[in-house]
Amino acid sequence: MAERGLVTVSQYLKEWTDDPVKNVLAGMVGTFALIPEVIAFSYAAGVAPAVGLFASFVISIAIAITGGRPGMISGAAGSVALVAADLVHGYGFDYLLLATLLAGAFQIVFGLLKLQSMMRFVSREVETGFVNALGLLIFSAQIPQMLHVTWHTYALIALGLAIVYLLPRITTVIPSPLICILVLTGLTMAVPMPVHVVSDLGALPTGLPSLTLPHVPMTVETFKIVLPYAFAMAMVGLLESLMTATVVDEMTDTHSNKRMECTGLGISNMFVGFFGGMAGCGMIGQTVGNLRYGGRGRLSTFTAGAFLLLLLVACHGFVARVPVAALVAIMIMVSVSTFSWSSLRDLVRHPRLSSTVMLVTIIVVVLTHDLAAGVACGVLLSGLFFSFQVMKLLKVNNTLSTDGTTRTYHVQGQIFFASASLLSDAIDFQDTASHIVLDLKDARLWDISAADTLEKIVSRLQGRGKTVQVMNPDARAAQLLNALGHDTLLADTQTHPAA
């Protein structure tokens with residue numbers, strides 16, 4: 001996974017100034033896509049809508065300046081909200097503020113320690129499963145808004161989808177979702193009809209966010225309560241942001257600075273904590289919508305946050321009257337755009353193990369609504385399948401000298417915890433040959449399990465009165481055997497350099 005180094009001043013300024021009109025308009029679309037989901041996530045976390053909306057405003061502004069992935073929309077996301085919910089319900093809102101501050105601090109430390117490199121262990125199958133699961137979750141989140149409603153809602157959704165998909169064939173000067181919102185809102189204001197509007201989702205804030213400090217006792221007991229939640233929020237948020245950044249990298253054929261994104265997210269979440277919000281991260285649904293309409297620079301991210309605050313404060317009345325059907329139509333378009341439809345064809349073409357990893361990732365995310373859990377299961381399964389494939393590459397052949405006294409085992413492949421037992425099974429401990437040679441010229445020992453297995457093989461053979469010689473171990477094998485105190489195995493051998 002390629003990653004940029006330090007961003008130069010000229011690069012940074014270019015990320016702000018490229019195609020400003022298109023970025024501003026795309027960011028405005030991202031704002032409308034943020035509102036319904038952020039309100040829903042706020043309720044999931046057990047906090048007022050203002051908490052999630054203000055958090056999204058602060059994160060968008062801060063991450064536009066400090067982040068490492070231009071064009072990515074960040075806000076109060078569902079995965080973090082699920083982690084925060086238990087803390088809010090059990091201890092109250094002020095504990096959430098402290099957890100948000102600590103989560104931001106953790107993320108800054110993770111960035112400084114370059115832990116973002118762990119993303120290299122996320123396989124292509126897991127990334128595809130992550131994207132597909134997001135598409136399904138985005139669509140399923142719209143279903144409650146389509147239940148127990150009048151026919152007017154379905155008519156508005158159909159009209160909204162028609163505008164979103166057909167208008168670009170006529171003009172792309174103004175993003176079609178923005179036109180969808182304006183047309184449907186104007187229609188419902190001109191012709192009153194029984195449909196849900198944004199104000200029905202929850203009370204909207206009307207003022208500006210203010211500096212807020214957590215009012216909790218700064219004791220050891222408090223930190224014992226908060227630290228586990230803060231660490232979980234930091235990990236989940238970072239994982240979702242880096243996964244989203246990877247998706248954006250592929251969609252735009254550009255490279256992001258994952259370390260800068262990590263520290264930038266931490267700085268943003270610390271600002272959020274000081275302004276009374278809950279921790280957030282990258283939001284792939286809104287990001288895909290932003291990219292779809294040309295928002296590839298920092299200005300689009302900044303606009304998404306700034307326009308959100310403008311709508312909430314200056315255009316509060318208009319936003320409150322936006323029909324939910326318009327937002328549902330936009331999010332359906334986003335879910336369709338997010339889902340990797342080619343992966344359905346790949347299920348048949350790709351190896352079964354790869355397809356299994358993708359399907360497991362999707363299933364876990366959909367069942368738990370936890371992106372981190374799905375990705376973690378996918379990564380573990382990928383590692384397991386990879387180990388299984390590498391294990392099968394181990395080959396052990398043997399030859400017997402003409403006089404029948406020396407048996408030489410030629411070992412080829414990788415010896416590690418999964419394949420070590422195969423090496424042991426290949427040795428005939430009942431062999432009549434009095435001298436056994438283990439030739440490791442074409443083998444590599446990778447861990448303590450491999451070295452320990454080698455020592456046990458030698459000990460068992462010596463216990464049967466045979467002389468044993470280990471030949472051509474590489475430098476790593478020598479290091480592992482020395483670490484276990486089995487350096488006597490190498491007394492009469494010379495190592496060869498590790499590959």
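**Confidence and packing**

Analyst: This is a predicted model, and in the protein chain the confidence is lowest in helix α20 (residues 475-483), with a mean pLDDT of 78, and highest in helix α5 (residues 93-112), at 94. The protein chain averages a pLDDT of 85, and 95% of the residues score at least 70.

User: OK, and where does pLDDT stay under 50?

Analyst: That happens over residues 494-499, for which the model has 21 contacts beyond four places in sequence. Where pLDDT is low, the predicted coordinates should not be read in detail.

User: New topic: how do α6 and α17 cross?

Analyst: The axes of helix α6 (residues 124-142) and helix α17 (residues 371-391) come within 10 Å, and they cross at roughly 155°. Since an angle over 145 degrees counts as roughly antiparallel, α6 is roughly antiparallel to α17, and α6 passes α17 in a right-handed crossing.

User: Which residues meet there?

Analyst: From α6 come Val 126, Phe 130, Leu 134 and Leu 137, and these meet Leu 371, Val 375, Gly 378, Val 379 and Ser 382 in α17. The residues of this contact divide into 7 nonpolar, 2 polar and no charged.

User: And the strands, how many bridges join β3 to β4?

Analyst: Strand β3 (residues 395-400) and strand β4 (residues 406-415) run antiparallel and are joined by 6 bridges; as one example, Asn 397 has His 410 in β4 as its bridge partner.

User: What about the residues between the strands of that hairpin?

Analyst: The hairpin of β3 and β4 has 5 residues between the strands, and Gly 404 takes a positive phi near 75°.

Technical notes:
Residues numbered from 1 in each chain as written. Predicted model: local features only at pLDDT ≥ 70, side-chain atom pairs only at ≥ 80, totals over all residues. Heavy atoms only, no water. Axes fitted to C-alpha atoms, helices over the stretch in contact; angles between N-to-C directions. Helix = DSSP H or I, 4+ residues; strand = E, 2+ residues; numbered from the N terminus. Parallel < 35°, antiparallel > 145°, perpendicular 65-115°, else oblique. Left-handed = near helix turned anticlockwise from the far one by under 90°. Contact = heavy atoms within 4.5 Å. Nonpolar A, V, L, I, M, F, W, Y, C, P; charged D, E, K, R; others polar. pLDDT = per-residue confidence, 0-100. Pairing = 2+ DSSP bridges.
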